Every structure is written in C-alpha cells, then in structure tokens.
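Here are some notes to read with the model open beside you. Take the points in order and look up each spot as you go.

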Amino acid sequence: MQTPSNDVVLERCIQLIAKSRKVAPETISPDTSFESLGADSLDMINLSFEVEELFDVQIPDDALSSIHTVQDMAKGVSDLIAAKPSVPVEKQA
Amino acid sequence: MNLPARRVVITGAGCVTAIGNSVAEFCESLFASRSGLAPIELRPEQKLNFSSVAQVKDFSPENLLPSALLLLTERSAQFGMVAAKQAVEESQLFPAYPPESVAVVMGCAVGGREADEPEVVKLYNRQGRVHPFTVPRVMASSGASQISILFGITGPVLNFSTACASSAHAFGHAFHMIRAGMVDAALAGGHEAPLTYGFLKAWEAMRVVSAAGCKPFSAARDGMTLGEGGAVLVLEEREHALERGALIYAEVCGFGMSSDAFHITQPRPAGPASAMRNALRDAQLHPADVSYINAHGTGTEANDRAEAEAIREVFGESGHPPVSSTKAQHGHTIGAAGAIEALATMLALKHRRLPVSVGAEPPDPALRLNLIHASADFTPSAAMSNSFAFGGLNASLLFRCHE
C-alpha cells in the first residue's frame, strides 16, 4: 500500500473524529477544535488510540498536549508517517 | 441523651439476573422455582470440565444507559447501573433527597474481567495494544462510581471487595450508615460478570465447580455453579420514607459480621454462627423470631456442611426456621450474591411465600436442615440472608415485614 497523502490523512481523521464525537463529518473542518467538540482529556486519549491503530503510528505522550485542532492531529500523524523508516501500511478504517 | 433509633426500610429494587432482568421477572421465576442454569456459550475450542453457568440473557444496556457511560464501562458495572436505574425509578428517590444525603454502597469482588482478559490476550500474543479505557473499565469500584455519576449522588460512594460476601457487606454497611445518621438514603447492592474463559478456568482448577449444575444441600451435590448479574436496593430512613409516602417493601433490621481467621478457602462453622448471632443481637431479635433463612448454600461439600452446622448451632437442632438456597436458580454471582439473595429474601417477606431450595432433592440427611422442598405461604416475621466468603469473611442480614 502507498503512503497516504496529507489530504487523505486529514479526511480519515475527520471521519474518525466525527464517528467518535457523533457529529456529521461535514461539520468538522481542519480548524475545528476538540474543545468545541466537547472532547475531554479521556476522549483525547481514546481518539489518539484510534488514530494510532488506524495509521500504525505512536503519538508520543508529550505531543498529545499540543493537539488542539483537527489539523494539529492530522499534521502530527502525517509527520509520524513520514518519519517511519519503512513504507507504512494503512490499516482498514 | 438518648436519641430515638433511626429505622431503615427498602423502598425500591432493581436487578439483572439469569432468572430475570427486572424485579417482576425475577420474582416470578423465584417462586416458580425456575432455574437460570444453562450450558455456557463459549467458542468451541475453549474446553471446560463443567457445562453449566447462570448467564444473563437479552441484556441491552445500550437502550438503557447514556452512550458516554457505556464506553467507559463493561458488563459488570453495567449490570449494577441498570439495576440501580430500575431501583431509583421505582423508589422516586430523586428529587425527594438532596444528592449529598445519599450514599452508593456496592459490592464487586472480581472487577471488569470482560474488559481485562481480551486486552491481556492481545498483548501477550502481540496482536495489538491495550485499550486506553481498560483501567476505568476494569476497576472493581467502577460500578459504584458510575452509579454516582449517573444520578449525581455526592454522598459517600464505596465498593466492598470481600469475595462472595461483598454485596452483603455493602448492604449491611449502607444500613448502618443510615441508622447512624451519616446519610438518609442509600443505593446498596452489587454486580459481577465473572463468566470469562480465563476466570472460569481458574475456578475449574480449584475443583469446586459442579459438572452439570449446583444442588445445594443435596446428598448429590458436587460443587457450585458460577453466575453473573447485579441487584440494587434503595434504603431509606423510615420516617423520611413514610413522610413522602414511599412504597415500602420491608425493613432492614440487623447486620452481623465475623471472620473465621482460619483458612483462605476452607470454612469453619464458628465464624458463620457468630455472624448470625451478631445480626440477631443487632436487630434485638431472638432466634425464634426468624421465620426464613436464605442460606449462602453454594452446593460445595464444605460450605453446605459448615453452614448447616452453624444454623443448627444458632437456631437449634430441631425447630429451626425453614431454609433454602436460591443459587440453583441464579447461580453463585460472587460479589453480587449477597444483593441478589437479599432481594430474594425481601420478596419472600413481601409476598409471604417461601422460595424452594431448588436442587436439594434428595437432601443430605447428615445436614439435618429444615429445607423448603415445595413453595408455601408462610406467616413471616423476620428473615435472614447469609453470605460467607472465601477467606472466612462472613455477613448475615436480617429483614422484617413492614406494617
């Protein structure tokens, strides 16, 4: 499988966040904050776990506190994918 | 100065069990001597030396609980939450009581095995990572906390983990907390979901599980049968309950505890006898005042022998009250056992009907117990519920009719 583009990562993140927060994906933009979606610290841990499972990456503990918007999360994931030594395998959503 | 003694009554009940997912269903099954024991549903490759468990059927918490709480809980806590919801709705406890005057006192010994075992298997087989909600789902106090969150209860919230006596200890302490004036009402009960493959294998290894289903007090008994479920009762200070016109099931009038200080699995009659005597003293009742005993009655050789001896010691060799174990109906639910059996005992008083000791035929003549072989009406006075745990942790509860 190919490395997903940044746009694909963003779109996948939006789909996952929308499902988790029980809102329509159309209501989520890159600038949407997790606070505005009512996500608390436990929700953020769960979302990060799901994103990690989806893209086979590991978000460092200290990076979690700097993720405030959907774009923050998507960019962080894209950077982690790019930093991986081998071709990443995108898992089934 | 002698303050007038506060009395405690039961004003609501809820349950999820192998013989009914509501008090109405449980009550009907109880007096119809219906058994919830059935072949266990596990994947075929998972072999066990026994086939019978008491499993809850048709449990749909997603229709009953908020999705945010469902995500953070597993089956055990969900049993407790659903039972608590039924009990609170029946009692109409809120808004009658300010949330800080209410306690939640639960019993759960095993914790959330259903959330724990699959994660551990994934981890050990290198097939995945542990879900981040595993800790809040697994902790034994999850049910007590989530019940407090569900209803906004801000009084004391506790979970007792005293093995098979957990929810009897929880119930007794809730009773004493109200009587002492610490709180005015409490949700008291327990929940357990111990029917996971790893935990069942651990019980199998102890060689105390019946091959085909428990037969408490029978000459043919060959062990216990594990079950799952939850029960919650609403306890209130009597004057408050009367003032607001609450439905009153029965009065809680005594609680006795003791420990064997003897062995981690083997029972000894002195401990259970002491708990029963302490409950009678607490209630200021005589043995002759008790007209029914819901026994711990697990169906193991050792428990039934020790409990029978203790009952005869406290209540007399002959003329002791009628005795039944209801575990051949709802199984041994470990931390939930005391609560489910308190419910059965309370229903016996309310309906003036004795539950049969299902599976006791043919009775073990060596036990010399006055076992209930056919359901019968009776004139109830007080009734006792016994819970005796591994490690010699004993609890006896006493109830009486409320007139």
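1. A word on handedness before we start: a crossing is left-handed if the near helix is turned anticlockwise from the far one by less than a right angle, and right-handed if clockwise. By that rule, helix 3 of chain B crosses helix 6 of chain B in the right-handed sense. Helices here are DSSP runs (H or I, at least four residues), strands likewise (E, at least two), numbered from the N terminus.

2. Some housekeeping: this is a predicted model, where local features need pLDDT of at least 70 and side-chain atom pairs count only at pLDDT 80 or more, while totals for chains, interfaces and linings use all residues. Residues are numbered from 1 along each chain as its sequence is written, chains are lettered from A and ligands numbered from 1 in the order in which they are written, and side-chain values use heavy atoms, with hydrogens and water left out.

3. Back to that pair in chain B. Helix 3 (residues 75-91) of chain B and helix 6 (residues 142-151) of chain B pack at about 40 degrees, their axes 9 Å apart. Axes are lines fitted to C-alpha atoms, for helices over the stretch in contact, and angles run from 0 to 180 degrees between N-to-C directions. The two helices are therefore oblique to each other (under 35 degrees is roughly parallel, over 145 roughly antiparallel, 65 to 115 roughly perpendicular, the rest oblique). Residues making the contact (heavy atoms within 4.5 Å) include B:G80 and B:A84 of helix 3 of chain B and B:G143 and B:I147 of helix 6 of chain B.

4. Chain A has a pair to look at too. Helix 1 (residues 6-21) of chain A packs against helix 2 (residues 41-55) of chain A at an angle of about 135 degrees, with the axes 11 Å apart. That makes helix 1 of chain A oblique to helix 2 of chain A. Among the residues in this contact are A:C13 and A:L16 of helix 1 of chain A, and A:L47 and A:V51 of helix 2 of chain A. This crossing of helix 1 of chain A and helix 2 of chain A is right-handed.

5. Which residues have the most contacts inside the largest nonpolar core? They are B:L235 and B:L347, in a core of 49 residues. Helix 13 (residues 337-351) of chain B gives the largest share of this core, 9 residues. Apart from it lies another core of 27 residues, B:V56 and B:L93 among them. A nonpolar core is a set of buried Ala, Val, Leu, Ile, Met, Phe, Trp, Tyr and Cys residues joined through side-chain atoms within 4.5 Å; buried means under 20% relative accessible area, exposed over 50%, partly exposed in between (1.4 Å probe, protein chains only).

6. Have a look at B:M276, in helix 10 (residues 270-283) of chain B. At 0% relative accessibility, B:M276 counts as buried. Beyond its neighbours within four places in sequence, B:M276 is in contact with residues including B:I311, B:F315 and B:F388.

7. Finally, some backbone spots to check. Most residues other than glycine have a negative phi, and most peptide bonds are trans. The bond from B:F94 to B:P95 is cis, with omega near 10 degrees, and the one from B:E361 to B:P362 is cis, with omega near -10 degrees. B:R126, not a glycine, has a positive phi of about 55 degrees, and B:R126 is exposed at 77% relative accessible area. B:Q284 is not a glycine either and has a positive phi of about 55 degrees; B:Q284 is exposed, at 71%.
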